[in-house]
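Here are a few exercises to work through with the model open in your viewer. Try each one before you read the solution.

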Amino acid sequence: MKHTITRKEVLNGADFLIDVVAPGVAKRFVPGNFCVLITIPNGERIPMSIQKAEGDTISLFFKKLGKTSFELDMKKVGDEIYKIIGPMGSPPPIKKYGTVVFASDLVCGHAENWAMCDILRKIPGNHIISIQSFPTSADVYPDKELCEPVADEFILATEDGSRGVKGHYLDVLEKLLKERKIDQVFAGGGIPPLQKISELTKKYNVPVYTTVRQIMVDATGMCGSCRVFIDGEQKLACIDGPMFDGHKVDWEAAISRLTMFKSKEAVAMDCLNEKMKGVK
Amino acid sequence: MAIAKRVPMREQDPKIRITNFDSVPLGYSAEEAVKEAKRCIQCKVPSCETGCPVRMDIKNIIKLIADEKFEEAFFLSKKDNAVPAITGRVCPQEDQCEGVCVLNKTGEPINIGKLFAFVADWAREKDFVEQINVKENGKKVAIVGCGPAGITCAVDLRKLGYGVTIFEALHMAGGVLQYGIPPFRLPRDVVDYELSFLKKIGVDIQLNQIVGQNIGFDELQKEYDGIYIATGAGAPRFLGCEGEKLKGVYSANEFLIRVNLMKAYKFPDCDTPIICGDNVGVIGCGNVAMDAARCAKRLGAKKVYILYRRTRECAPARNEEIHHAEEEGILFREMIAPCKMFGNEDGWVTGIQMIKTEFKGCDKNGRPTPVYIKDSEFIMELDTVINALGTSPNRLFLSNVKGLETHSWGGIKTDENFMTNIPGVFAGGDALTGGSTVIEAMGNGRNAAEAIDEFVNRKT
């Protein structure tokens, strides 16, 4: 199976999207699933959120953050990705919730936002509100990649107020929760805000599904690296999640465990930079 | 009559080998192998063969080696064992063929494992390949999982003429041979070579195929005449104690997958990292615990402790592994059990509270039962803790098969012919037993192949 890149676009200074051929994943993808990418032989197996699946291709959002995403960014249309595996994970129920909010503030969350809004809006009785927040107007994605087309209501926010509503999605959501009846919240993106959104929705007694991103090795339930603690019970983000009831997540552990390999990530980047120097 | 001593196995010096991941045993030379094989007294009724889960023709293979007919010895060993170079290295021979060897009573048993590894290695170097003319029978079998059970079942069915497709979840074939057992015990060129045989005889190995995720189990049911589930026992067990969420606490599976499958010992040339501290505690005393401890040593740990609630004499690990671990400076702390783990404000593990144990009675297998000694808790300072507590059947696949009956502990239920409650769907290996040895899983794959063949023939 050749996983050929068919489209690549810049989303902002650090984020980009690619469409890539992955029929197995595309055919069976349900929002809430993720896929596993291996960019090169001897590469890591990295979990990746999926924005959408159309025909044989899937759309993925990346942030240039570590070695693997830098390598991906160097690939062009027509290049291949070594392996794409999935779909993985256990999505939350795709059903009628009523008024649903999906809030996101980071690349993977934005991809999940699109996917979930798109499918839930097709279910009668759902009213979908999508909130996407970015630090400044310069970080906002191109219009056609924002969730406006897949939501009944779309709220764009920037933390400095340079575009759309001023504030983080947490500010926007709190206002909504105060003013309107919300039946279900979903959220993805940075982990610390997910802890906050869990506290916030708990205060308003509204259920929330959060994407608990964790470090995975095989991502098939074998290593236990992505263990999360749900109401004290150990679950695995790769096969039981990664979306969990935010009110039950041990966020302190989730936030801490995510930093375990920070020191090594820098080493990998330095190594890549050295190699790139050689190339020049 | 005095019986000659075993021909010793040359090994890498412990001081040197803890700095690399290369094979510890260097293998017999042809001369050494012949000398060792000649020690065999060729019993009329060879007890060694009764101890072999895949029923190898051990006596005759040894005779052929003694007569320097290595090629014939190789072909004879291949008859019953798809991967003799692997089993020669990882079987618990002391509990099987060598354990019941007559010489074990009066001297030292024949080094059967190393002899078989020699023959297989010799054939690999000479590039001898077993010639198999497969007569296609037009029937198709799907095998889920490319570990020891799946590999053996695949080879046996292929020899009978079946079209065989193996669906493997990971990006490399081999199962535990690839992700679990470290290269210093099982070199990867050996694994690659043994697996290349499957391709040569026309077994189709589909990597990155997670049945139930990217292919439906129902699709397999429609397309194949029989299915063999050999998904293994790859899910790690945890203690469930306080502090297990801390950074620096690994399951042995994670530690070994990082090192073996993802080659973290080559980081940053390979992308997957591993963090191994100076003071490492490995909880458990099986082969996996030994593997993890010896990997930690090779990753540069200053002190590596095996923490075990019994004594090493009752440990499930192979004698050779314990012996090698001792040589490499692994420290055994016996008759102690873990209570909880401590961490610092950054969430990294800093120590573990242990409690002393004593023996009280025996379990039904005759192993002494450890019980806690009241108020004997003490603290060990550690910066890495590895749980090697055993594994459970992989639940991802099982959760994807509707209606498949399993035991409460997660193992698949089958009848005496290895068939599950779903007709035509068979199961074996660790997915059935919950975890045993490579060779037991292979024996299982072999028996299942016979049962599948019988089932398909009866159906048509």
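**Exercise 1.** Into which domains is chain B divided?

*Solution.* Keep in mind that this is a predicted model. Start with domain 1, which covers 14-126. Next comes domain 2, written as 140-234 + 393-459. That leaves domain 3, at 236-391.

**Exercise 2.** Describe how domain 1 and domain 3 of chain B sit relative to each other.

*Solution.* First, the distance: their C-alpha centres are 31 Å apart. Then count the contact, to which domain 1 of chain B gives six residues and domain 3 of chain B gives eight. Finally, sort the domain 1 side by class: five nonpolar, no polar and one charged.

**Exercise 3.** Classify the packing of helix 13 and helix 14 of chain B.

*Solution.* Take helix 13 (residues 252-261) and helix 14 (residues 287-298) of chain B: their axes are 10 Å apart, at an angle of about 55°. Therefore helix 13 of chain B is oblique to helix 14 of chain B. As for handedness, the crossing of these two helices is left-handed. Now list who meets whom: B:A252, B:F255, B:L256 and B:V259 from helix 13 face B:V288, B:A289, B:D291, B:A292 and B:C295 from helix 14. Sorted by class, this contact has eight nonpolar, no polar and one charged residues.

**Exercise 4.** How many residues does each chain bring to the contact between chain A and chain B?

*Solution.* Chain A brings 34 residues and chain B brings 31. On the chain A side, the largest share comes from strand 7, with five residues. By class, that side splits into 16 nonpolar, 11 polar and seven charged residues.

Notes
Residues are numbered from 1 along each chain as its sequence is written. Chains are lettered from A and ligands numbered from 1 in the order in which they are written. This is a predicted model: local features need pLDDT of at least 70, side-chain atom pairs count only at pLDDT 80 or more; totals for chains, interfaces and linings use all residues. Axes are lines fitted to C-alpha atoms, for helices over the stretch in contact, and angles run from 0 to 180 degrees between N-to-C directions. Helices (H or I, at least four residues) and strands (E, at least two) are DSSP runs, numbered from the N terminus. Angles under 35 degrees count as roughly parallel, over 145 as roughly antiparallel, 65 to 115 as roughly perpendicular and the rest as oblique. A crossing is left-handed if the near helix is turned anticlockwise from the far one by less than a right angle, and right-handed if clockwise. Two residues are in contact if their C-beta atoms, placed from the backbone, lie within 7 Å. Ala, Val, Leu, Ile, Met, Phe, Trp, Tyr, Cys and Pro count as nonpolar, Asp, Glu, Lys and Arg as charged, and the others, Gly among them, as polar. Domain bounds come from an automatic or database domain assignment.
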